[in-house]
Amino acid sequence: MPNMKWIGIIDGEISEYQKGELDHKAQKMEMPATMKKMMTDALPFAVMPFILIFLSMFIKTFLAQKVIVNPLFLAIGFVLGFAGLFLHEFLHAVVYPKEATVYIGFYPKAFAAVALASYPLKRGRFILMSLLPLLLGIVPLVIFWFSPAALKAWNGFWFGFSIMGLISPYPDYYQVFQVLKQTPKGCSIQFQGDDIYWMK
């Protein structure tokens with residue numbers, strides 16, 4: 001497990017926390033210039049999780065032929081899912097090796113929790129790091145799928161929690177797409193400043 005440091009609200013720029021030793025042969029990936037631009041460009045990657053969430057509710061309700069969620073507990077699950085964004089960042093962080101330092105905080109300019117590090121990871125491990133928080137959406141949704149229709153409060157809570165867990169990683173989906181598109185197998189990938197680099 002890496003050295004994790006809680007830095008609270010980030011007043012400056014996130015690039016200050018992503019400065020490490022970068023291989024001189026590293027090549028910069030083509031990515032949006034700002035986090036805000038990346039969040040905008042990544043929006044299409046929120047569509048598939050939204051469709052999965054919609055179909056899950058539609059199919060389960062259709063099969064039960066009755067209301068299967070309690071709206072209050074759905075709202076509670078959603079709010080707790082939002083609070084779980086820091087757990088989301090922890091799941092990013094734990095993939096880094098013990099030699100790395102990962103800074104976790106809240107970046108108000110993008111209204112987002114962040115886990116920041118500058119340490120090279122093998123391509124597969126980088127993809128795992130990017131997608132591990134998806135568990136916070138998949139696990140609650142699977143619980144929702146298999147729970148009895150009569151448990152409306154239980155269904156509402158897990159469905160609400162799964163919404164945030166599946167949709168909030170949409171910038172990570174975009175990032176993985178770009179890694180698969182722009183980098184070769186077997187390379188290492190590293191954040192540095194505001195950019196992402198890859199090296200053989």
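## Helix 6 and helix 7

In this predicted model, helix 6 and helix 7 run roughly antiparallel to each other, because their axes cross at roughly 155°, and an angle over 145 degrees counts as roughly antiparallel. Helix 6 covers residues 135-146 and helix 7 covers residues 152-167. The two axes come within 7 Å, and the crossing is left-handed.

On the side of helix 6, the contact is formed by Leu-136, Gly-137, Ile-138, Pro-140, Leu-141, Ile-143 and Phe-144. These residues meet Trp-154, Asn-155, Trp-158, Phe-159, Phe-161, Ser-162, Gly-165 and Leu-166 of helix 7. By class, the contact of helix 6 with helix 7 has eleven nonpolar residues, four polar ones and no charged ones.

## Helix 3 and helix 7

Helix 7 also packs with helix 3, which spans residues 71-83. The angle between helix 3 and helix 7 is about 35°, and their axes are 6 Å apart. This crossing is right-handed.

Helix 3 makes the contact through Phe-73, Leu-74, Ile-76, Gly-77, Phe-78, Leu-80, Gly-81 and Phe-82. Helix 7 contributes Ala-153, Gly-156, Phe-157, Phe-159, Gly-160, Phe-161, Ile-163 and Met-164. Twelve of the residues in the contact of helix 3 with helix 7 are nonpolar, four are polar and none is charged. Phe-159 and Phe-161 of helix 7 take part in the contact with helix 3 and also in the contact with helix 6.

## Helix 2 and helix 6

Helix 6 has a further contact, with helix 2 (residues 47-64). The axes of helix 2 and helix 6 come within 10 Å and cross at roughly 15°. Helix 2 is therefore roughly parallel to helix 6, and their crossing is left-handed.

Leu-52, Ser-56, Met-57 and Lys-60 of helix 2 form the contact with Leu-141, Phe-144, Trp-145 and Phe-146 of helix 6. The residues of this contact divide into six nonpolar, one polar and one charged. Leu-141 and Phe-144 of helix 6 belong to the contact with helix 2 as well as to the contact with helix 7.

## The cavity

A search of the whole structure finds one cavity of 30 Å³ or more. The largest cavity holds about 60 Å³ of space. Its lining consists of Gly-81, Gly-84, Leu-85, His-88, Pro-133, Leu-136, Phe-161, Met-164, Gly-165 and Ser-168.

Helix 4 and helix 7 each supply at least two residues of the lining of the largest cavity. Helix 7 gives the most, with three residues. The lining is made up of five nonpolar and five polar residues, with no charged ones.

## The largest pocket

The largest pocket has a volume of about 1,000 Å³. Its lining comprises 44 residues, and those nearest the centre of the pocket are Ile-14, Met-35, Met-38, Met-39 and Val-114. By class, the lining has 28 nonpolar, seven polar and nine charged residues.

Both helices and strands contribute to the lining of the largest pocket. Helix 1 (35-41), helix 4 (85-93) and helix 8 (170-182) each supply at least two residues, as do strand 3 (101-107), strand 4 (112-116) and strand 7 (195-199). Strand 4 gives the most, with five residues. Helix 4 supplies at least two residues to the lining of the largest pocket and at least two to that of the largest cavity.

## Met-39

Met-39, one of the residues nearest the centre of the largest pocket, lies in helix 1. Leaving aside residues up to four places away in sequence, Met-39 touches Ala-110, Tyr-170 and Pro-171. Met-39 and Phe-54 are 15 residues apart along the chain, and their C-alpha atoms are separated by 22 Å.

Terms used:
Residues numbered from 1 in each chain as written. Predicted model: local features only at pLDDT ≥ 70, side-chain atom pairs only at ≥ 80, totals over all residues. Heavy atoms only, no water. 1 Å grid on protein atoms, 1.4 Å probe; cavity = no way out; pocket = protein on both sides within 12 Å on 5 of 7 lines; lining within 4 Å. Points joined across faces, edges and corners; volume = space filled by probe spheres on them. Helix = DSSP H or I, 4+ residues; strand = E, 2+ residues; numbered from the N terminus. Nonpolar A, V, L, I, M, F, W, Y, C, P; charged D, E, K, R; others polar. Axes fitted to C-alpha atoms, helices over the stretch in contact; angles between N-to-C directions. Parallel < 35°, antiparallel > 145°, perpendicular 65-115°, else oblique. Left-handed = near helix turned anticlockwise from the far one by under 90°. Contact = heavy atoms within 4.5 Å.
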